Amino acid sequence: MKFTLSWLKDHLETEASVSEICEALTDLGLEVEEVFNPAERLGAFTLGKVTHAEQHPDADRLRVCTVATDEGDKQIICGAPNAREGITVVVCKPGDYVPGIDLTLSVGKIRGVESHGMMASERELELSDEHDGIIELPSGEVGQKFTDWLAENDPAKVDPVIEIAITPNRPDALGVRGIARDLAARGLGTLKPVQEHDVAGTFPSPINVMIDEDARGDAPVFMGRLIRGVTNGPSPEWLQQRLKAIGLRPISKLVDVTNYFTFDRNRPLHVFDAAKVSGDLRIHYTQGGETLTGLDEKEYTFGAGQVVISDETGVESIAGVMGGLETGCTEETTDVFLEAAYWDHIQIAMTGRALKINSDARYRNERGIDPGYNRQAIEDATAMIMELCGGEPSEVVIAGEVPDVSRAYKLDPARVQSLVGMEIPEAEQRATLEALGFELKGDMAHVPSWRPDVLGEADLVEEVARVASLTKLEGKPLPRGAGVAEPILLPLQKREQAARRMAAALGYNECVTYSFVDQASAALFGGGGDATMLENPISSEMSHMRPDLLVGLLQAAARNQARGFADLALFEVGPVFHGGEPEEQRLQVSGLLVGRTGPKDVHGESRAVDLFDAKADAEAVLGAIGAPAKVQILRGGEAWWHPGRHGRICLGPKKTLGVFGELHPKVLKALDVKGPAVAFTIWPAEVPATRKKNATRAALKASDLQAVERDFAFVVDADVEALSLANAAAGADKALIEEVRVFDEFIGGSLGEGKKSLAVTVRMQPADATLKDEDIEAVSAKIVEKVSKATGGVLRG
């Protein structure tokens with residue numbers, strides 16, 4: 001939305017500067033995108049007077065002029081035909097930049113004679129295309145700034161142009177009057193009263209209008225009148241300059257009037273050449289296949305269900321979007337039919353998009369214009385047409401009814417202050433809303449018809465807040481009661497925080513990946529079903545909720561590997577989903593190691609990561625969130641883990657705290673990750689809550705009694721897992737046995753086919769008394785019994 005300062009001052013009585021206006025507009029939510037101030041590029045030029053002019057000694061078309069300036073007399077060579085003694089000119093001195101010729105002047109010699117500057121033409125200063133001679137001013141003092149002279153005598157040439165960005169919810173600011181109203185409410189001036197015309201018709205309109213019954217929802221009201229005997233032609237200079245300043249091309253008086261109202265009052269209008277209209281006008285839906293050549297001289301083919309205006313010969317205008325070329329006004333137009341209508345904004349948007357038309361009329365109609373101004377708009381536009389073109393108006397033809405958009409919402413001053421966080425007196429709140437056009441009756445604020453965006457009490461709060469300016473909002477600390485504040489984090493949130501810190505301390509880099517993944521990747525981790533499918537996904541690669549954090553981590557690893565980063569340590573903390581309900585998601589902590597433990601070095605310490613790296617990190621994270629130290633490592637992980645190289649960290653067969661190990665090769669291949677790759681997954685919610693409520697650590701329990709270690713070698717079947725044997729041995733006496741370690745495996749020899757020998761060390765730590773031989777023998781017998789029962793193994797002889 002563009003407008004000039006002088007145009008704004010037609011509606012706003014103000015002494016504010018351009019910078020103050022721009023600052024206020026942005027603060028009000030009407031962000032200023034650009035300010036073009038012609039005075040800035042003309043600021044260096046001053047007025048001078050030619051006191052003497054004579055023929056150049058070596059050029060027939062050049063004159064040597066003596067010019068009186070604010071720096072004294074200067075000699076300037078000029079080739080303009082009107083360069084002569086006694087005229088007041090615009091002087092450009094050495095060092096000045098001349099925009100029209102893109103040149104910074106310097107002292108030069110022309111045919112052997114020095115020239116100290118130049119006298120400018122209008123084209124050289126980009127004031128117009130005139131370049132037949134230099135500027136001659138009818139008045140002005142030597143040394144006076146040229147911009148000051150223009151401001152007094154031709155202000156349009158130095159009129160600043162302001163461009164603002166309009167959000168879709170503020171259609172009222174698509175008119176200069178709406179912008180002036182906001183500024184007046186802020187206190188930057190006084191909104192001028194607008195003149196309302198009432199033009200009486202002198203004859204019935206020969207063109208009538210009807211709206212098809214099925215189209216009344218999208219075309220509530222249409223008003224029109226015929227003005228006969230008009231004289232069309234170029235618009236007056238003030239109107240042409242105003243339209244040119246905002247980037248519009250003046251066409252003719254009749255067309256320029258409609259463009260003027262479009263930007264002045266946010267009221268798109270249309271004019272038909274009445275002589276080219278056959279019969280009456282009808283507003284209806286298209287059937288599909290109709291065509292129209294628009295005012296832009298392009299042919300449009302309609303689909304079904306688009307609102308158009310037709311006469312007896314066919315479609316003549318696209319309702320609210322663009323008129324037709326056939327009935328457009330030209331300089332030969334003598335009778336004109338003026339249209340002012342209100343259209344459904346959604347219908348306008350759909351039609352404009354379907355036909356790929358972007359016009360000022362569509363831009364405003366699809367955002368919403370003021371239905372309450374419809375009748376007054378046709379009166380005001382009629383008055384302006386008659387002032388510029390003459391003519392005699394008919395009575396107004398009305399089809400349909402102006403829709404009732406009246407509504408009111410309660411203004412609660414205390415609630416406003418609570419939500420905004422500023423002390424805004426009730427009187428100021430009411431004054432703000434009244435300045436914006438709201439009508440207050442008691443505590444009810446009646447919304448003006450030009451504000452379709454105000455749809456509730458919250459919008460009243462927003463209006464008060466933006467006019468009061470949130471820049472005045474002062475930060476205040478939250479109140480604290482006496483003593484230490486109660487903790488606000490839930491136990492699960494504390495675990496999440498501790499897990500994140502520990503993973504970072506272990507050298508992992510945190511990732512934040514999307515909760516949405518593609519179906520194929522989700523299926524690799526047990527997801528990808530209908531229960532986690534999105535109804536309206538962003539893309540095909542984000543069609544399902546993630547079933548596991550490892551999906552995003554592996555995809556991140558693949559992208560890093562593709563860019564040359566082979567050794568990675570990544571982790572993420574976040575929710576995973578196995579359904580669409582709140583109870584079908586849970587918090588997960590996952591870490592991923594890919595590549596080697598570090599770069600190659602002379603000590604040979606670099607090696608490929610393995611599952612024991614993942615196990616150690618998983619145990620560290622579990623320790624940080626308060627998991628018990630004694631856990632079991634069991635098999636039976638999900639299908640995306642390597643079947644023989646992973647373990648579940650459990651407190652029992654049914655209580656799994658996490659999983660660690662290598663990832664299945666087929667998963668790595670599907671996600672294009674080059675191994676080795678190991679990972680861990682932890683579910684903080686599964687960790688039992690600690691019984692103690694304080695933050696202090698328990699006292700160290702160190703036994704002063706001698707620990708005893710005994711070695712056992714068992715012959716078992718070749719398919720028996722060492723873990724099963726160790727767990728069985730540890731279960732022989734949980735209070736006494738502190739640790740079971742596997743230290744040897746032997747296959748072959750005298751053991752025979754299908755057998756192997758597993759050797760373990762069992763460490764027994766007494767708490768009450770030193771172990772005697774009979775105690776040790778009793779525990780040893782239990783160990784052999786437990787292992788034999790669990791694995792079928794026998795002591796090796």
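E777 counts as exposed, at 56% relative accessibility, where exposed means over 50% relative accessible area, buried under 20% and partly exposed in between (1.4 Å probe, protein chains only). E777 is found in helix α20 (residues 773-791); helices (H or I, at least four residues) and strands (E, at least two) are DSSP runs, numbered from the N terminus. The model is predicted: local features need pLDDT of at least 70, side-chain atom pairs count only at pLDDT 80 or more, and totals for chains, interfaces and linings use all residues. Residues are numbered from 1 along each chain as its sequence is written, and side-chain values use heavy atoms, with hydrogens and water left out.

**Surface charge**

- On the surface, E777 gathers with D773, E774 and D775 in a patch of negative charge.
- Patches are made of residues with over 30% relative accessible area and no salt bridge; like charges are joined within 9 Å, and nonpolar side chains (Val, Leu, Ile, Met, Phe, Trp, Tyr) within 5 Å.
- Asp and Glu count as negative and Lys and Arg as positive, while His and the chain ends are not counted.
- The place of a charge is taken as CG of Asp, CD of Glu, NZ of Lys or CZ of Arg.
- Accessible areas come from the Shrake-Rupley method with a 1.4 Å probe, and for residues only the protein chains shown count as cover.

**Salt bridges**

- The whole structure holds 40 salt bridges, each being a side-chain nitrogen of Lys or Arg within 4 Å of a carboxyl oxygen of Asp or Glu.
- One of them joins the side chains of K192 and E13 (3.8 Å, N to O). K192 lies in the loop between β14 (190-191) and β15 (209-211) and E13 in strand β2 (residues 12-13), so this pair ties together parts that are 179 residues apart in sequence.
- K192 is partly exposed at 26% relative accessibility, and E13 is partly exposed at 46%.
- In the salt bridge between E366 and R362, the closest N and O atoms are 3.0 Å apart; both residues are buried.
- E745 and K756 also form a salt bridge, with the closest N and O atoms 3.6 Å apart. Because E745 lies in strand β40 (residues 737-747) and K756 in strand β41 (residues 755-764), the pair ties together parts that are 11 residues apart in sequence.
- E745 is partly exposed at 48% relative accessibility, whereas K756 is buried at 6%.
- Shared partners join the salt bridges of R170, D172, D182, R451, D453, E463 and R466 into one network.

**A loop residue**

- I251 is found in the loop between α6 (237-245) and α7 (253-264) and is partly exposed, with a relative accessible area of 44%.
- From C-alpha to C-alpha, I251 and P234 are 6.9 Å apart in space and 17 residues apart in sequence.
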